Amino acid sequence: MSAFSAPFLPTLVRRERASLAATLLAPPVALAVATVLNLGLYLLIGRDPVAVVYAMLFEPFLSWASFSEVLLKTGPLLLIAQGLAIGFRAKVFNIGAEGQFILGAIFASAIPIWFPQATGQWIWPMMLLLGVLGGALWASITAFWRVRLNANEILVSLMLSLVAAQLLNYLLLGPWKDPNGFNFPQSVMFQYDAMVPVLIAGTRVNVSLLLTLALSIAAWLVMQKSFLGYKLQVGGLAPRAAGYAGFNEGWAIWLSLLIGGGAAGLAGAAEVAGPIGQLQRSISTGYGYAAIIVAYLGGLHPIGIIASALFMAALYIGGDNAMVSANLPIAAVRVFQGSLLLAYLIAIAFVRYRLEWHRPIYRSKP
Amino acid sequence: MTRDLMMSRRNVLASGLALGVSAFAPAVRASAPIKVAGIHASPVENAWNSVLHKALQDAAAEGVIEYVFSEGVSGTDYPRAMREYAEQGAKLIIGEAYAVEKQAREVAVDYPETAFVLGSSGKESGDNFGVFGTWNHDGAYLAGMLAGKMTKSNVVGSVGAMPIPEVNMLINAFAAGVKAVNPDAKHLVTFIGTFFDPPKAREAGLAQIDAGADILFGERIGTADAAKERNIKSVGSLIDYTPRYPDTVFANALWGFRPILSAAIADVAAGKPVGKDYTAFGLLKEGGSDVAYVKGVAPAEAETAMEAKRAEIKSGAFEVPRITDEPK
Amino acid sequence: MNALEFILAGMLAAATPFLLAALGELVVERAGVLNLGVEGLMAFGAVLAFIVVYHGGGHLLSFVAAGLGSAVLSLVFALVALGFRANQVATGLAIGILGQGLSALFGKTYESLTVKGLPKLALPWLSEIPLAGRLFTQDIVVWLSLAATLAIWVMFAYTKVGLVVRATGENPKAAHAIGYSVTAIRFAAVAFGGTMAGFAGAYAAVVYTPLWADGMIAGRGWIAIALVVFGTWLTGRIFLGACLFGAVSLMGLAAQATGLDVPSQVLASLPYLVTIIVLGIISADRRLLKLNGIASLGEPFER
């Protein structure tokens, strides 16, 4: 009758409880599967698979210069993914982090663009705060639509991301264009005090990474150890039960989206006030979407996400290395990311379910 | 300290590679080719990057340089790729600084031994950071001279990405070429507002055709498709599009990178600082920009007049006006 | 004057890539599945179609290849999201990334090459009408996608297949209880959606702008997703929406060509803004949502 109860196909049966070992094993297994599949692809397009794997998966960790770039890239991915995961666990699917990231960058840029002469150590912290505000405000549109208008938050947050990209274009081609910038769609370069201080001399890693790690630990404490985290999860997983217990589903949605938006906004602010140093069109190379992958690869767990963000960042850096040393086209990195996530989603299914093959049924005689 | 350590590791790796290579290479070259790295923000098949890529490949084929490259390196990854190649011992790095103007200059400061010559909208900096712009307006002007004599509706159109100075200069030069031979001609301009969307460039071209244009100048790909569909002629930019649109694109405003590259290589070889603006080497009179056209499409006297002007530009007697204001 | 004629003439063709992909996504969502990978599916179809035409395979074969290729890719989505009950949002995004990556990889050696498009066919009498005549002079794919629109409308309005697909999305448990395989129906719907997205990509790359360039889908897949919502999951409204989105983007270009300047960002974000507003309006009224929305959208089905 059903395709999955057909005699030749197994059915998924939910496990009583998922084992911790299996949960921890899922990401490396997915990585192994994705790696093997992609190696086949590299052979097919005539690249040396060993050189690619070396450049992509090992090289990022082998030199301090490379690794510091990995850390730099980890920052925004980690921050956004932590924020999103809180929502995802509460079954609030904010997939508009890209837009919230952009709004955070825009809000933060307002200070150096409007007050290019301002000096003082208050500037960059203020920018980061404004970034949080910008991201949270943009996400609050989605929250309002979801809670008050009952609209699907996936679609609203996605559409808002596409609008945010146009808003950024508008600002950069219009009012916020650098007057001495030869008409290029980018803002003025920010003054010194508008930049987040560098953490490790000689690299581009800045203080925002510490902030990100601190927030990750905070996320872990809140989600695993506090009543607030419990309420959020119950609100998402069993809204009716939550309702009986006196928690409000709308409240969980608002909180999830504001946290997710705020974190993405902070990441956006830290990018413009960090490695980029101005507002421009390419402030995000899809961090908002990549962070969704990071959140899932990390099992939506704050500690897991630290690992997956680090890994994803290394994959970006490794992909660049592979281009330089193994002449691998950049598109191959995207293929790798996509197939890795798919492999993980399958692997995690095996953690949650087991396959049950239908044995011939011995029927009693009529 | 850490960087020194890492460099030595890389040097070991690199020299090992070099040994492997030189064992097979014929040992007849007088001077060793210079190690040049190309860092392309887009795939090398992209029109602009293909011009750089081809010049670099040609130079490599002639044995002048040893060429390695990466492509599709964007945003914050770009400075990292620059460092990567500098660490690997590239003597000259060719690329584009458009989205990373400040960071690219910072990298150059960190690697004083490496010469950087990048496409940029800003100025050169220090001894080892040179810049170049994309000036193929000489070719655009000359193509405009042909178009001006060919239009029957007396309306021509240009489709560009965004009103940035180089695009403006190019479109203004095309318009100036048209007006030079046909002062009454009307010139339409559309900016599609994005650097990449060929279907939109096509729609913009169709809009201009419907507004009366019978020759299109396509700064963006996709424009020629509109011309092809409506059986009118169009002009290509940067590279020669005639083989791809044989009956449509009758002229191209070519840009040549080889003179810029050669000048930069010469400076590196002579140990001279490259911190200067190489843009002018891309002009027609240096052998950079040019017009490529299908003979016999434009009236013969238009071609003669154009060739005469081309000779004037080459000799330096005439200079195509450089107007960077947004064309209207 | 000419601007109106230009918009009338170009509207249908401009709408076709959105329309084809949106019709496919409509069937997918009607069956209760949310596939956000449309952009990648379109890109994958586009490059396959281009490669086929470039090597002389012809347009018919190119659409077949694009449809099949994107269908296969969408079946990977179905396997992961439906077979293994993974999160549909994450799976859809992964397929989108994979499709775009594969298209760039396959298309690398074809970058900015061109092929021949398809001729425009004039309808007898209608194409002679002054001003609006060019509305009736379109390539065959435009006519076929109009036919597809009609077919899908008929399917949902009058046929049992349409009813079963809708039931699967509205109340999968009930559909299962009366003997339909929810999973099989959803697999089929996703494959259909993939095929249509492949056609949409093929149209963009071998008919509308017959060239290949990495990234040429340029967000049209997202517009298609917006369109399904904008059209409140109704075939007729999706068609009107596609025409509207097509016309609006052409309007901006026509205005520029005649010397008016409209900020292109406003026009570019219009489809999304309007969709957000429409979504707010229909969702706010529970009755409207019940009429138009899909109860089980994006939720895995477990017996």
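How much area do chain A and chain B bury between them, and what percentage of it is on carbon and sulfur atoms? The answer is about 2900 Å², with 53% on carbon and sulfur atoms; buried area here is the accessible area (1.4 Å probe) that two parts lose on being put together, summed over both. Keep in mind that this is a predicted model, where local features need pLDDT of at least 70 and side-chain atom pairs count only at pLDDT 80 or more, while totals for chains, interfaces and linings use all residues. Residues are numbered from 1 along each chain as its sequence is written, chains are lettered from A in the order in which they are written, and side-chain values use heavy atoms, with hydrogens and water left out.

**Where A meets B**

- Chain A puts 37 residues into the contact and chain B puts in 32, with contact meaning heavy atoms within 4.5 Å.
- The rule finds one salt bridge across this interface, that is, a side-chain nitrogen of Lys or Arg within 4 Å of a carboxyl oxygen of Asp or Glu.
- That salt bridge joins the side chains of A:Glu69 and B:Arg80, at 3.5 Å from N to O.
- On chain A's side, the elements giving two or more residues are H2 (49-62), H3 (64-89), H10 (249-276) and H12 (302-326), all helices; helices are DSSP runs of H or I with at least four residues, strands are runs of E with at least two, and both are numbered from the N terminus.
- H12(A) hands over the largest share of that side, six residues.
- Sorted by class, chain A's side has 19 nonpolar, eleven polar and seven charged residues. Nonpolar covers Ala, Val, Leu, Ile, Met, Phe, Trp, Tyr, Cys and Pro, charged covers Asp, Glu, Lys and Arg, and the others, Gly among them, are polar.

**Chain C as a whole**

- Chain C has twelve helices and two strands, in the order α-α-α-α-β-β-α-α-α-α-α-α-α-α from the N terminus.
- Its C-alpha trace spans about 60 × 45 × 40 Å along the principal axes.
- Of chain C's 303 residues, 63% are buried, meaning under 20% relative accessible area, with over 50% called exposed and anything in between partly exposed (1.4 Å probe, protein chains only).

**Two positive phi values**

- Most residues other than glycine have a negative phi.
- B:Asn154 has phi near 65°; this residue sits in the loop between helix H5 (137-150) and strand S6 (155-160) of chain B and is partly exposed at 27%.
- C:Ser112 has phi of about 50°; this serine lies between helix H4 (88-107) and strand S1 (120-122) of chain C, in a loop, and is buried at 7% relative accessible area.
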